[in-house]
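Here is a short report on one protein chain. Look over the sequence and the structure before reading on.

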Amino acid sequence: MQLALSEAHESPPKPSNFRVGAVLVDEGNNKILATGYTLELPGNTHAEQCCLQKFAQSHDLPEERVGEALPENTVIYTTMEPCGLRLSGNLPCVERIIRTKESGKAGISKVYLGVKEPEKFVGENKGRAKLEEHGIECIHVPGLEEQILSVATAGHEQ
């Protein structure tokens with residue numbers, strides 16, 4: 001989670017985004033597969049989306065097919081609960097994570113998260129419930145909440 005928080009620091013502060021970091025990991029051997037942060041890639045990209053896009057690109061796949069290349073014990077660490085709704089019209093990160101498991105692929109089996117998404121932009125995030133409905137375990141990693149929220153909301157009007 002510390003590495004995900006370091007990634008979040010790389011995200012530019014903006015009043016319309018949370019600064020989030022994510023790390024895609026093969027839990028079988030603790031190998032880091034990809035990292036990402038909000039707005040790292042072109043477009044209104046989220047941290048989880050950047051991780052998945054970068055990993056997919058490294059395997060010459062479109063992001064929609066990233067599940068084909070993910071190892072069996074893939075997990076993602078993210079400083080904030082993955083979004084369940086995007087006001088920009090982009091596919092929510094929850095849907096991207098669920099999609100990694102389509103067609104019987106191993107996909108992402110667990111999401112480790114630092115904080116629940118604040119209700120500032122889209123109201124209550126039902127992403128965690130949706131992930132769990134699809135058999136993806138969500139595990140809160142305590143201890144960094146204050147730091148995560150401080151980084152996430154930099155650039156927001158108080």
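## A loop residue and its contacts

Leaving aside neighbours within four places in sequence, which residues is Thr100 in contact with? The model is predicted, and in it the partners of Thr100 are Leu52, Val66, Gly67, Leu70, Lys105, Gly107 and Ile108. Thr100 sits in the loop that runs between H3 and S4. Is Thr100 buried or exposed? Buried means under 20% relative accessible area. Thr100 has a relative accessible area of 1%, so it counts as buried.

## Overall build

The protein has five helices and five strands. Along the sequence their order is α-β-β-α-β-α-β-α-β-α. The radius of gyration is 14 Å, close to the 15 Å that the globule rule gives for 158 residues, so the protein is as compact as a globular protein of that length. The C-alpha trace spans about 45 × 30 × 25 Å along its principal axes.

Of the 158 residues, 48% are buried. Take the contacts between residues at least 6 apart in sequence: 68% of these join residues at least 24 apart.

## Strand S3 and its two partners

Strand S3 covers residues 74–80. Six of its seven residues are buried, so the strand is mostly covered by the cut-off of under 20% relative accessible area. Which strands pair with S3? S1, at residues 21–26, pairs with S3 in the antiparallel sense over five bridges. S4, at residues 108–115, runs parallel to S3, and six bridges join the two.

Val23 stands opposite Tyr77. In S4, Tyr112 is the bridge partner of Tyr77.

How many of the six residues of S1 are buried? Six of the six are, and the strand is mostly covered. In a regular strand the side chains alternate between the two faces of the sheet. In S1, Gly21, Val23 and Val25 point one way. Ala22, Leu24 and Asp26 point the other way. All of these residues are buried, Asp26 among them.

S1 also pairs with strand S2, residues 31–37. The two run antiparallel and are joined by six bridges. S1 and S2 form a hairpin with four residues between the strands. In this hairpin, Asn30 takes a positive phi near 60 degrees.

## A buried proline

Where is Pro82 found? Pro82 lies in the loop between S3 and helix H3, the latter at 93–99. Its relative accessibility is 1%, so Pro82 counts as buried. Pro82 and Leu131 are 49 residues apart in sequence. In space, their C-alpha atoms are 9.3 Å apart.

## Surface and charge

The accessible surface of the protein comes to about 7500 Å². Carbon and sulfur atoms account for 48% of that surface. There are 16 positive and 23 negative charges. How far apart are the mean positions of the two sets? They are 3 Å apart.

Methods. Residues numbered from 1 in each chain as written. Predicted model: local features only at pLDDT ≥ 70, side-chain atom pairs only at ≥ 80, totals over all residues. Heavy atoms only, no water. Rg over C-alpha atoms; globule rule 2.2 N^0.38 Å. Buried < 20%, exposed > 50% of the residue type's maximum accessible area, 1.4 Å probe, protein only. Contact = heavy atoms within 4.5 Å. Areas by Shrake-Rupley, 256 points an atom, 1.4 Å probe, with all protein chains shown as cover. Lys, Arg positive; Asp, Glu negative; His and termini not counted. Charge placed at Lys NZ, Arg CZ, Asp CG, Glu CD. Pairing = 2+ DSSP bridges.
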